[in-house]
There are 2 protein chains.
Amino acid sequence: MKEASFIEYIRSRSVFDPAIVPVGPGDDMAVVRCGDQDLLIAADQVLDGVHFRLAEHGARAAGRKAMARNLSDVAAMACEPLAAVATVALPRGFSEADAKEMYAGMRELGDAFTCPLVGGDVGTWDGALAISLTILARPGPGGAVLRSGARVADAVCVTGAFGAAWRTQRHLTFTPRVAEARILAGQYGLHSMIDVSDGLSIDLGHVCEASGVGADIQAEAVPVHPDALKRPDALAAALGDGEDYELLFTLPQDQAERLLADRPLGEVPVTRIGTIVAGAAHTLVLADGRRQELVARGWQHDT
Amino acid sequence: MKEASFIEYIRSRSVFDPAIVPVGPGDDMAVVRCGDQDLLIAADQVLDGVHFRLAEHGARAAGRKAMARNLSDVAAMACEPLAAVATVALPRGFSEADAKEMYAGMRELGDAFTCPLVGGDVGTWDGALAISLTILARPGPGGAVLRSGARVADAVCVTGAFGAAWRTQRHLTFTPRVAEARILAGQYGLHSMIDVSDGLSIDLGHVCEASGVGADIQAEAVPVHPDALKRPDALAAALGDGEDYELLFTLPQDQAERLLADRPLGEVPVTRIGTIVAGAAHTLVLADGRRQELVARGWQHDT
């Protein structure tokens, strides 16, 4: 069955007591109340042949990506990593050296982001390598930034540049924007945020849908990654390729102006690509002023 | 590589700040400090062909077992389930009906034990069905019961009966001893506890090793499940088969006597099977008084 429709089915059957689960499935992380603390949790898997190719990329890259994808979810909520657990299904005959490399890949990023790997499960089977990682996080001082907070007239901004992340293996080497997210949320009053994993147009759609708004995106403003520039369809790659793991966020226009003047993220650029509008339409505004529907079309693992 | 040696490798490289991670890998759950609260977390996977056989047992049983194994970890710590997240790797062509059944299996136990499924990830791949579930829990009033607290002269007790759980599919239908564990820990001053998944002799060994003690086990006292009684090697099955998901715990002798008189668990029997002793030897004491080494020999998924 289609992943998206199964997830929609699960969501439709998920009814929680908001005193215990303030945020359930549908954001980058769920929020669970633990005593008087809010705790965030998310789980993501990486599968051989889907999210990496073991024979080509190696076990270390697979382990690293498992941790990186989850840290990117922590970034999307502007939170602070707390700890992680992982389960690993090892192919029969997996070597000790590869197992250690895989673990080193997880630890490399876990250590860098103060996210200790505190437990898990290892199994051996006839199948291919599958790593599932669950991450816990604490909200920052201003609380978690959700997908659902975008407001009409908000500026739509992104970090970094987009396109060709899979073809150039950036999806294996990216640095999760955890530190950048906390600076943005702490200093610029963000209304909403998501990390771009499915693709810029799809993930913008997730924010708009959760917030009940639409968006105008300026085609010329979309930052295309140099890796994608050589392609004839560079803009389409930037809007649709996915696996960029950059941040997309919305904030009041005056805050956006201050942010773009401050340049608080050092070498990581921030670009304003559009504006949140009333309604449900996503529109791509071309350089000559023509407007066309921005179809949420991205690279999906199951197609 | 061998699962056990990989886990040992990971453990040897896991050094935590005890103010943040009071209990790391090596118990049934890790303990993470979140503000002034202790939070418990564990992850377990179920893999087609290892922990279930999809074609034979069906998707609902697979989903149920994923939740049940994790709830059994919560029981082993005498804690209270808080929430769960799951990742699912679906075989290509997995039907919508099967996906819904798998989810229903998870929800069946999650709902029964007030453990909402708050998030996760669904992927499709060329491999077989793999479900990874992570569970969060809160300590009970007396705190988490660890494997490492067994003391010399403690009584060794178990719930239920042992053997043939895999052959008779009890491993798919068992009820996690969450409620029983909280009664035991709340009223009888337990020193240590574990859930019996690898096998009675192996899991007793885990408690003894973590506690730095040995044990004398009375062969005649070991409760053999009726399913295993017809086997000529019934005692060996009870000691080694695994996947019983009963509780093994130690407590002071006077508490054990009170517990055995009280019978506080209704239909679930409690049996004293032995005594914790100084040293590192695990001894099986036969009915005629002869003593033999209790070899930690269980059913392991990878052999």
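Predicted model: local features only at pLDDT ≥ 70, side-chain atom pairs only at ≥ 80, totals over all residues.
**A cavity, a sheet and a buried serine**

Good morning, everyone; in this structure there is 1 cavity of 30 Å³ or more, where a cavity is a set of points, on a 1 Å grid over the protein atoms alone, at which a 1.4 Å probe fits but cannot get out. The space in the largest cavity comes to about 60 Å³, a volume being the space filled by probe spheres set on the points, which are joined across faces, edges and corners.

Residues are numbered from 1 along each chain as its sequence is written, chains are lettered from A and ligands numbered from 1 in the order in which they are written, and side-chain values use heavy atoms, with hydrogens and water left out.

What lines the largest cavity? The lining residues, which have an atom within 4 Å of a point, include Gln45(A), Leu47(A), Ser132(A), Thr87(B) and Ala89(B). By class, the lining of the largest cavity has 6 nonpolar, 6 polar and no charged residues, where Ala, Val, Leu, Ile, Met, Phe, Trp, Tyr, Cys and Pro count as nonpolar, Asp, Glu, Lys and Arg as charged, and the others, Gly among them, as polar.

Let me turn to the sheet in chain A, which is open, has 5 strands in the order E1-E2-E5-E3-E4, and shows mixed pairing. Strands E1 (30–34) and E4 (117–125) of chain A stand at the edges with a single partner strand each, so one side of each is left without a neighbour in the sheet. Strands here are DSSP runs of E with at least two residues, and helices are runs of H or I with at least four, numbered from the N terminus; two strands pair if DSSP finds at least two bridges between them. Strands E2 (residues 37–47) and E5 (residues 130–139) of chain A run antiparallel and are joined by 8 bridges, and Asp44(A) stands opposite Leu133(A) in E5(A).

Finally, is Ser72(A) buried or exposed? Ser72(A), which has its place in helix H3 (residues 59–76) of chain A, counts as buried at 1% relative accessibility, since buried means under 20% relative accessible area, exposed over 50%, and partly exposed in between, with a 1.4 Å probe and protein chains only. Leaving aside neighbours within four places in sequence, Ser72(A) is in contact (heavy atoms within 4.5 Å) with Phe174(A), Pro176(A), Asp195(A) and Tyr245(A).

Definitions and conventions. 1 Å grid on protein atoms, 1.4 Å probe; cavity = no way out; pocket = protein on both sides within 12 Å on 5 of 7 lines; lining within 4 Å.
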